[in-house]
Amino acid sequence: MNTNNDTLLIADDESSIRKGLRCIVDWEELGFTICGEASNGEEALSRILALNPDLVLLDVKMPKLHGTEVIRRAREAGYQGKCIILSGYSDFKYAQEAISSGVSFYLTKPIDEDDLYQTVSKIKQELTKEHNRSTHFTEFQSKAKSVVLKELLTNTANSPLSAQDLDNFCLTAEIYQVVICEDFHTQAVAAPYTFAELFQVINRDNNIFDHLEINHRDVVLLKGSHGLNRLSDFLDRFEEHTPQTGSPLESMFLAYGRPVSSPEDIHLSYEDATTLLTRRFFCAQEQHAMGYELLPELSSHVRTSDSADNHTGLELNETALSDYANRFVDYIQSYNRRMTVTTLSELEEALLYVSNEAHEIKLFLTDLYLQIKEKMNRAYASAKIPFSSNSSVLEFINTCNYLYEIIKFLSEQFEMIMDATGNPSRDTILDDVLYYIDHHFRDNIKLETIAPLFGYNSAYLGKIFSKTVGENFNSYVDHRRIEHSKQLLLENQLKVYEIAEQVGYKNVDYFHKKFKKYVGESPAEFRKGQGLDPETGKYPPPTHKCP
């Protein structure tokens with residue numbers, strides 16, 4: 001069947017006439033498809049109401065129900081199609097009755113082929129014009145409704161809609177709620193039909209919901225308690241069952257605003273949903289929906305410039321960046337996994353309270369990672385830590401849709417660094433402390449500073465250190481510095497004050513004092529004893545005697 005054709009019903013009590021009417025003209029060429037036949041008046045009325053044909057060829061004089069009565073009852077039931085009355089000359093009075101019922105076309109039997117062709121052609125033209133007008137009206141009404149919906153959602157209407165307007169646009173309901181649908185991972189616009197399919201809602205004549213696109217997002221307006229109850233049931237299923245891999249639910253994210261009872265308040269529900277989407281970056285793993293119930297909590301999280309209660313007070317500046325970088329480096333180098341994880345959690349929580357956009361947070365975390373990478377590479381130049389390239393890290397963090405993804409990445413990287421730099425012989429916490437000193441003796445390290453890195457107070461760690469190592473913490477650090485300075489004195493050919501700074505002594509006189517205490521002679525005497533010039537650290541030039 002050609003779906004572009006109009007439909008035709010043939011109703012006559014004589015089978016030979018029905019057969020002849022089928023063949024007398026090429027109905028397909030005229031743009032019609034025969035959808036059925038009827039052999040009496042009752043059957044004709046039943047078929048007209050059931051099939052709603054665009055055109056009926058109807059004999060006036062039929063058993064059970066006259067053709068005029070068929071037309072009258074069909075019109076009363078709302079039938080708007082075209083009808084051609086077929087009648088003999090003696091039945092003209094019946095034809096007049098039919099014409100008074102709104103039938104504009106009348107043909108006498110026997111049917112003349114040319115008359116039928118011309119009449120049907122004229123009807124086809126009328127039907128085409130009516131279809132075009134109907135299509136244009138439907139398109140116009142659809143466009144008008146889209147404008148009305150957008151104005152309701154964005155609160156840009158010049159005046160409230162009348163009750164008649166609400167009925168015309170099928171917007172009359174006792175309650176409304178706005179839902180915005182996005183793709184869970186890529187934030188691409190979801191297909192409009194997905195909402196209806198997943199919610200299992202029969203949305204005849206858009207009575208349950210309307211949808212439109214605003215700012216490249218699929219926006220759904222639920223109307224009536226049935227639609228809102230469906231949403232509630234759907235969200236309950238979301239919470240009870242994590243969407244399985246490959247399921248349409250797995251790629252769906254919903255933000256829904258408050259229910260409202262007035263069309264003038266629909267924009268409030270829409271504003272709720274759009275606000276929630278701005279905080280989507282902070283969703284937990286596998287969180288596929290955010291609702292208006294979270295708004296008070298989110299409002300307390302976001303730090304504003306005039307807020308009295310500033311919560312963590314974290315600002316994404318160089319000071320915060322340097323502070324966190326140094327803390328993470330300390331914990332990583334002390335192999336303190338507990339404090340590394342704790343600090344990551346603290347950072348994640350603090351970021352919930354900042355007012356910065358997601359891209360600014362991503363930039364902060366990227367810079368944090370790169371600072372940590374630089375510090376670790378400098379401290380462990382020979383360890384060959386398998387860091388990813390800066391460009392690949394930048395690309396990965398920039399494409400993350402959620403904060404938890406970046407925090408997880410940092411956690412994995414910190415674990416990788418500890419594995420790459422760890423000393424295989426470390427069996428106790430003290431081994432970790434000694435290993436840390438070996439890589440930090442150049443810094444101004446103190447027992448009070450590093451003890452918390454390993455989860456101890458300084459007094460307790462100091463006792464363990466002295467008992468196990470045989471000397472106190474400061475003495476051990478001095479020994480490591482002096483041993484390294486001896487190597488530099490012999491190999492690096494630096495000046496004495498430069499070596500003092502290299503091993504962690506800012507005052508060269510203090511370095512001299514410590515060196516003599518542990519070596520028994522000054523740095524210059526040590527060099528001289530090795531055959532080096534005490535000032536330059538170089539071997540003196542050979543002396544040639546005159547013959």
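Contact means heavy atoms within 4.5 Å. Helices (H or I, at least four residues) and strands (E, at least two) are DSSP runs, numbered from the N terminus.

Before you go on, note that this is a predicted model, where local features need pLDDT of at least 70, side-chain atom pairs count only at pLDDT 80 or more, and totals for chains, interfaces and linings use all residues. Residues are numbered from 1 along each chain as its sequence is written, and side-chain values use heavy atoms, with hydrogens and water left out.

**Stop 1: the sheet**

Two strands pair if DSSP finds at least two bridges between them.

Start at β7. It pairs with strand β8 (residues 217–223) in the antiparallel sense, over 6 bridges. Pick Leu212: its bridge partner in β8 is Val219.

Now move to β9 (residues 252–256). Strand β6 (residues 176–183) pairs with β9 in the antiparallel sense over 5 bridges. Val179 has Tyr256 of β9 as its bridge partner. With strand β10 (residues 289–291), β9 pairs in the parallel sense over 3 bridges. There, Ala255 stands opposite Met290.

Is β9 covered or open? It is mostly covered, with 5 of its 5 residues buried (under 20% relative accessible area; exposed is over 50%, partly exposed in between; 1.4 Å probe, protein chains only). In a regular strand the side chains alternate between the two faces of the sheet. On one side of β9, select Met252, Leu254 and Tyr256; on the other, Phe253 and Ala255. All of these are buried.

**Stop 2: the cores**

A nonpolar core is a set of buried Ala, Val, Leu, Ile, Met, Phe, Trp, Tyr and Cys residues joined through side-chain atoms within 4.5 Å. The largest one has 41 residues; Leu347, Leu365, Leu368, Ile372, Met376 and Ile417 touch the most other members. Helices α12 (318–333), α13 (337–351), α14 (358–379), α15 and α16 each give two or more residues. The largest share, 9 residues, comes from α16.

Zoom in on Leu347. Beyond its neighbours within four places in sequence, its contacts are Leu314, Tyr324, Phe328, Phe364, Leu365 and Leu368. Another core, of 27 residues, lies apart; among them are Leu149, Tyr176, Ile180 and Leu277.

**Stop 3: the rings**

The structure holds 16 aromatic pairs. Rings of Phe, Tyr and Trp (its six-membered ring) pair if their centres lie within 6.5 Å; planes under 30 degrees apart count as stacked, over 60 as edge-to-face and the rest as tilted.

Select Phe396 and Phe409. Their centres are 5.0 Å apart and their planes at 40°, so the pair is tilted. Phe396 sits in helix α15 (residues 390–399) and Phe409 in helix α16 (residues 403–421). Phe396 is partly exposed, at 35% relative accessibility, whereas Phe409 is buried, at 10%.

Next, select Phe465 and Tyr476. Their centres lie 5.6 Å apart with planes at 75°, so this pair is edge-to-face. Both residues are buried.

Finish with Tyr505, Tyr510, Phe511, Phe515 and Phe526, which ring pairs link into a cluster.
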